[in-house]
Amino acid sequence: DYDYARGTVLRVFELDDGKSVAFTVVGADGKVAARGTVSRQGQRYAAEVSEGALRDWCLDVDGRRSPVQVDGAALYWTMA
């Protein structure tokens, strides 16, 4: 079985400035491994896990990846 909550890449497509979108990562057992939101303010993206946990995860926006967040419930990234 694959651990879907480890090494997760949250791919963001056409998220308008000032908006947010929910995400859910389902584990191999069919249960929710993690749930949260990704939001955008200008070039700054924030991903916040509100349920469960992710490890070694990152964001991908237009083919550009944020640094990997080893653990923790939030990832903040400003695209340069």
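A strand in these views is a DSSP run (E) of at least two residues, and strands are numbered from the N terminus. By that rule F23 sits in strand β2. Please keep in mind as you look around that this is a predicted model.

**View 1. The four-stranded sheet.** Four strands make up an open sheet in the order β2-β3-β4-β7, and their pairing is antiparallel. At the edges are β2 and β7 (74-78), each of which pairs on one side only. On average, neighbouring strands of this sheet are turned by 20° against each other, ignoring direction. Strands of a sheet pair through backbone hydrogen bonds, either parallel or antiparallel.

**View 2. The hairpin of β3 and β4.** Eight bridges link β3 with strand β4 (residues 44-52), again in the antiparallel sense. T37 has E48 as its bridge partner in β4. Two residues lie between the strands of this hairpin, and G42 adopts a positive phi near 65°.

View 3. Beyond residues up to four places away in sequence, F23 touches L10, A34, R35, G36, T37, V38, E48, V49 and L54.

**View 4. T8, ahead of β1.** T8 belongs to the segment before β1 (9-12). With a relative accessibility of 10%, T8 counts as buried. Leaving out residues up to four places away in sequence, T8 touches V25, L54, R55, D56, W57 and C58.

View 5. Because E51 lies in strand β4 and R35 in strand β3, the pair ties together parts that are 16 residues apart in sequence. Both count as partly exposed, E51 at 35% relative accessibility and R35 at 33%.

**View 6. A salt bridge between two loops.** R55 and D71 meet through their side chains in a salt bridge (3.4 Å, N to O). R55 is in the loop between β4 and β5, and D71 is in the loop between β6 (64-65) and β7, so this pair ties together parts 16 residues apart in sequence. R55 is partly exposed at 34% relative accessibility, and D71 is partly exposed with a relative accessible area of 43%.

**View 7. D60 and its partner R65.** D60 lies in strand β5 (residues 58-61) and counts as buried at 11% relative accessibility. Its salt bridge is with R65, and the closest N and O atoms are 3.4 Å apart. R65 counts as partly exposed, at 46% relative accessibility. Setting aside neighbours within four places in sequence, D60 contacts V9, L10, R11 and V12 as well as R65.

Definitions and conventions: Residues are numbered from 1 along each chain as its sequence is written. This is a predicted model: local features need pLDDT of at least 70, side-chain atom pairs count only at pLDDT 80 or more; totals for chains, interfaces and linings use all residues. Side-chain values use heavy atoms; hydrogens and water are left out. Buried means under 20% relative accessible area, exposed over 50%, partly exposed in between (1.4 Å probe, protein chains only). Contact means heavy atoms within 4.5 Å. Two strands pair if DSSP finds at least two bridges between them. Axes are lines fitted to C-alpha atoms, for helices over the stretch in contact, and angles run from 0 to 180 degrees between N-to-C directions. A salt bridge is a side-chain nitrogen of Lys or Arg within 4 Å of a carboxyl oxygen of Asp or Glu.
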